[in-house]
Amino acid sequence: MKKEDRKRIKDIMQHKNLEFNLPAYANSYMNAVYEYSLIHFVLNYYTMKEIQNDLNGVAFDDFLSGVLDEVHTMLFETLLEGEQREDTAEVIKRIDHLRDEMTSRMTILTSYTDTLQIYEYVLNRIEYGITKETYPVKEEELAVRIFQYLFRDNDKMVVNSKIQTVTGQLPVRMTKSRFFEYLTDTLNIYNGSDKTAVEDFVAMLKSNALLELSDGYYEAYPEIVKVIQVMEHTDYKTLDLAGYQALIEQFSATVSYLTEQVSRYLLVTEIINDFYAALLALPYEKNEEKSTKSCISMLGGLHDAFLSSGEIPAAVDEGFVTIEGRQEVLGEEIMQYESILQDVMAEHGDTISWLMADKIFNNLCLISKLLSNSLFIDLKKEEVQPEMADGEYIASQRDELVALLNGFFDKHSKEINRAVMAAMFSNMPVLFNSQQEIKDYIEYSLNHCGNSSELMACAKILEEMMEEEQEI
């Protein structure tokens, strides 16, 4: 970052010469995010083209193909057509709509992931009982190793994360009433907090427990739903080896396909966010860096390669020399610009309005979201006055959740119900009050698991988890 830009940030925080410093800050910030988003766009667009080439002519699914076609069209209409630079408002509406559609689709894919994780839990725990293989387990020694693994780190957040993961894998040995007590204690943590935090947490638990399925769940990917329905209607108590192997084959193929789809959707969403950020910055940027011009040229080459289903031009590969190292430099600069953005918006709103700079600053706020680590962040969510969640509200949320769970438990087998409890446990805050309580829970869970197949499966999963960390 240039010395004058650092000084400008410092002056703004000291409320000095705002009439000059605020517009200058916004323009410098825009130049940085424009170049940064273009570089990101190129890198992700290039990766997507490589994926397409690796498929050897096999098309993406219809929805994703349609999204990419729209991206190619909008790219040609804006960044690749200089005379249309100033008229991006309509394209921004289109790309915003496209982003909403991707978010909805990703919500469905996440629901599939939650569902398949439940059945993976079930399949893991019946494996040894069907295959008749064995895995040696000494409960007391395993409990000691797990306890040592949990408290190997001094970082409390790391320890809590490990506890959540481990409790999600340990055999679930408790009554429904005891589980609901844990649920009540968890929700009570939110007493006095913002209602939206409670609603977000409850929504996550509902998704984990398959209590609420996304709109379009049954229609988006019928081939995935078909396998899920087979899993749902399987009698796991009477499953023989041939049936188990056939089920595992179907399950593994579905998980691989879903993982592939999720990976592609995440990449396309990154492309959309990068493109969106560049379009928001486009009317204000005056970037003269060679890397910016190189990015436009590279995007043009990739765009043509997509449309012709051809190879990536050599000129695109050569362009990486120009942009090498710029992403890291710009990332540091943007962090410094962004560090004061919220304070600027809160403290200098009147001055920004007086300078008629509302649009550029609003665009910067949108860009900061688009370039954040949260790919699907809500761009339209407005800040509202927090509303406190009192005991009565917490109780109503708890009662609704318990009613849904009771209905679910009544309709499903013990194996699936335990899988749901485990999934919820792995996403609940740690409620143990002492290390001794944790130790007691681990020992009780292992010692009271009368199902040898489940115990062996849990032991193997936990041993592999602990060994994997040691290797890292």
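Hi everyone, let's start with helix α19, where Glu415, Ile416, Asn417, Ala419, Val420, Met421, Ala422, Ala423, Met424 and Phe425 are buried. Please keep in mind that this is a predicted model.

The helix runs over residues 414-425 and spans 16 Å from its first C-alpha to its last, close to the 16 Å expected at 1.5 Å a residue. Ten of its twelve residues are buried, so α19 is largely enclosed by the rest of the structure. What covers those buried residues? The cover includes α4 (89-131), α6 (156-167), α7 (176-188), α8 (195-208), α18 (391-411) and α20 (435-447).

Now for the charged residues on this helix. Which side chain does glutamate 415 meet in a salt bridge? Its partner is lysine 237, at 3.5 Å from N to O. Lysine 237 sits in the loop between α10 (222-232) and α11, so this pair ties together parts that are 178 residues apart in sequence. Lysine 237 itself is exposed, with a relative accessible area of 60%.

Arginine 418 has a salt bridge too, with glutamate 454, and their closest N and O atoms are 3.7 Å apart. Glutamate 454 belongs to helix α21 (residues 452-471), so here the linked parts are 36 residues apart in sequence. Arginine 418 counts as partly exposed, at 22% relative accessibility, while glutamate 454 is buried at 5%.

Salt bridges can also sit inside one helix. In α1 (residues 3-13), arginine 8 and aspartate 5 are three residues apart, about one turn of the helix. The closest N and O atoms of arginine 8 and aspartate 5 are 2.7 Å apart. In total, the structure holds 19 salt bridges.

Aspartate 274, in helix α11 (residues 241-281), is another story. This residue is buried yet has no salt bridge, and the nearest side chain of opposite charge, arginine 99, is 9.9 Å away. Leaving aside neighbours within four places in sequence, aspartate 274 touches Ser37, His40, Phe41, Asn44 and Leu371.

How many disulfides are there? The structure holds zero. Cysteine 458, for example, has its nearest cysteine sulfur, that of cysteine 449, 6.1 Å away.

Finally, the nonpolar core: the largest one has 150 residues, and Tyr112, Phe361 and Leu405 have the most contacts inside it. Beyond its close sequence neighbours, within four places, tyrosine 112 contacts residues including Gly216, Tyr217, Ile228 and Leu258.

Definitions and conventions: Residues are numbered from 1 along each chain as its sequence is written. This is a predicted model: local features need pLDDT of at least 70, side-chain atom pairs count only at pLDDT 80 or more; totals for chains, interfaces and linings use all residues. Side-chain values use heavy atoms; hydrogens and water are left out. A nonpolar core is a set of buried Ala, Val, Leu, Ile, Met, Phe, Trp, Tyr and Cys residues joined through side-chain atoms within 4.5 Å. Buried means under 20% relative accessible area, exposed over 50%, partly exposed in between (1.4 Å probe, protein chains only). Contact means heavy atoms within 4.5 Å. Helices (H or I, at least four residues) and strands (E, at least two) are DSSP runs, numbered from the N terminus. The expected span of a helix is 1.5 Å times one less than its number of residues. Lys and Arg count as positive and Asp and Glu as negative; His and the chain ends are not counted. A salt bridge is a side-chain nitrogen of Lys or Arg within 4 Å of a carboxyl oxygen of Asp or Glu. A disulfide is a pair of cysteine sulfur atoms within 2.5 Å.
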